[in-house]
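Please keep the model in view while reading.

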Amino acid sequence: MRKELTVQALYTLEETIAKDIFEGITYPWEALPKIGAFIKELGESLPKEEYEKRGEDVWIAKSAHVFPSAYIHGPAIIGKNAEIRHCAFIRGNAIVGEGAVVGNSTELKNVILFNKVQVPHYNYVGDSILGYKAHMGAGSITSNVKSDKKLVVVKTPEEQIETGIKKFGAMLGDEVEVGCGTVLNPGSVVGAHSNIYPLSSVRGYVPAGSIYKKQGDIIEKQ
């Protein structure tokens with residue numbers, strides 16, 4: 001087991017309504033196949049004075065601000081005080097945390113966004129989990145399928161971890177900052193409090209508390 005890649009190392013579980021999905025799993029990507037069913041079960045238990053069910057398997061907090069032009073397909077949960085902006089496209093299996101922002105023309109699919117995550121400008125986030133206060137700059141995306149369509153492997157300098165998953169975007173730890181125009185390649189794992197330079201192509205593991213300048217040039221934050 002690689003401790004730095006575990007759920008406990010990457011995330012503050014108190015900052016998501018989806019905390020229970022991580023019970024009994026070691027690595028966060030193990031939760032990806034469970035998101036849809038988890039939402040359906042959790043949604044039915046949400047307090048009706050705080051959440052409104054709209055359509056099939058879509059629960060939206062009454063305090064959330066959803067623009068009329070946004071599209072939300074279930075299963076989905078939109079948390080308290082979240083903001084779903086103009087032409088956002090939520091394709092299903094999505095949990096948007098409290099105070100999170102899903103912006104103009106941003107697309108979500110099979111994701112968990114912890115509280116106060118921001119994906120505000122032209123982002124694609126698929127088969128990914130973004131930790132508390134993680135932020136993706138304008139035009140940054142997750143690439144969630146390998147070009148050869150093989151199962152995704154998480155690569156570290158010491159080893160390769162087989163995930164058994166074909167679709168796997170990125171696991172971003174708490175307060176990760178991703179620069180504009182960046183591509184997070186399949187199987188990217190970025191440790192908490194790290195910064196990714198704009199226009200980067202990220203693959204593999206970026207340690208917590210790092211600054212990613214380019215492949216092979218990762219320095220520790222001072």
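In this predicted model, Trp29 has a relative accessibility of 2%, and because buried means under 20%, Trp29 counts as buried. Phe168, at 0% relative accessibility, is likewise under that limit and is therefore buried. The two residues form a ring pair: their ring centres lie 5.5 Å apart and their planes meet at 35°. Since planes under 30 degrees apart would count as stacked and those over 60 as edge-to-face, this pair is tilted.

With a relative accessibility of 12%, Tyr27 counts as buried. Leaving out residues up to four places away in sequence, Tyr27 touches Met1, Arg2, Leu5, Thr6, Val7 and Ile161. For Arg2 there is also a polar approach, as its backbone nitrogen lies 2.8 Å from a polar atom of the Tyr27 side chain. By contrast, 29 Å separates the C-alpha atom of Tyr27 from that of Asn81, which is 54 residues away along the chain.

Asn144 lies in the loop between β14 (141–142) and β15 (153–155), and its relative accessible area of 11% makes Asn144 buried. Beyond its neighbours within four places in sequence, Asn144 is in contact with Lys109, Tyr124, Gly126, Asp127, Lys166, Lys167, Phe168, Gly169 and Pro186. With one of these residues, Tyr124, the side chain of Asn144 makes a polar contact of 3.4 Å.

The open spaces of the model come next. Rolling a probe the size of a water molecule over the atoms shows where empty space is left. The largest pocket has a volume of about 210 Å³. It is lined by 13 residues, of which Pro157, Arg203, Tyr205, Gln215 and Ile218 are the closest to its centre. Two strands, β23 (205–206) and β25 (217–220), each contribute at least two residues to this lining. By class, the lining comprises six nonpolar, four polar and three charged residues.

The second largest pocket holds about 170 Å³ of space. Its lining includes Ser143, Val145, Lys146 and Ser147, together with Pro186 and Arg203. Four nonpolar, four polar and three charged residues make up this lining.

Some features of the backbone remain. Most residues other than glycine have a negative phi, and most peptide bonds are trans. The bond between Gly74 and Pro75 is cis, with omega at about -5°, and Pro75 lies in the loop between β4 (71–72) and β5 (76–78). Lys116 has a positive phi, near 65°, and is found in the loop between β10 (107–113) and β11 (118–121). Its relative accessibility of 44% places Lys116 among the partly exposed residues. Glu175 also has a positive phi, near 55°, and sits in the loop between β17 and β18 (177–178). Glu175 is partly exposed, at a relative accessible area of 35%.

Technical notes
Residues are numbered from 1 along each chain as its sequence is written. This is a predicted model: local features need pLDDT of at least 70, side-chain atom pairs count only at pLDDT 80 or more; totals for chains, interfaces and linings use all residues. Side-chain values use heavy atoms; hydrogens and water are left out. On a 1 Å grid over the protein atoms alone, a cavity is a set of points where a 1.4 Å probe fits but cannot get out, and a pocket is an open set with protein on both sides within 12 Å along at least five of seven lines; lining residues have an atom within 4 Å of a point. Grid points are joined across faces, edges and corners, and a volume is the space filled by probe spheres set on the points. Helices (H or I, at least four residues) and strands (E, at least two) are DSSP runs, numbered from the N terminus. Ala, Val, Leu, Ile, Met, Phe, Trp, Tyr, Cys and Pro count as nonpolar, Asp, Glu, Lys and Arg as charged, and the others, Gly among them, as polar. Rings of Phe, Tyr and Trp (its six-membered ring) pair if their centres lie within 6.5 Å; planes under 30 degrees apart count as stacked, over 60 as edge-to-face and the rest as tilted. Buried means under 20% relative accessible area, exposed over 50%, partly exposed in between (1.4 Å probe, protein chains only). A polar contact is a pair of N or O atoms within 3.5 Å; within protein, one must be able to donate a hydrogen and the other to accept it, and residues adjacent in sequence count only if both atoms are side-chain atoms. Contact means heavy atoms within 4.5 Å.
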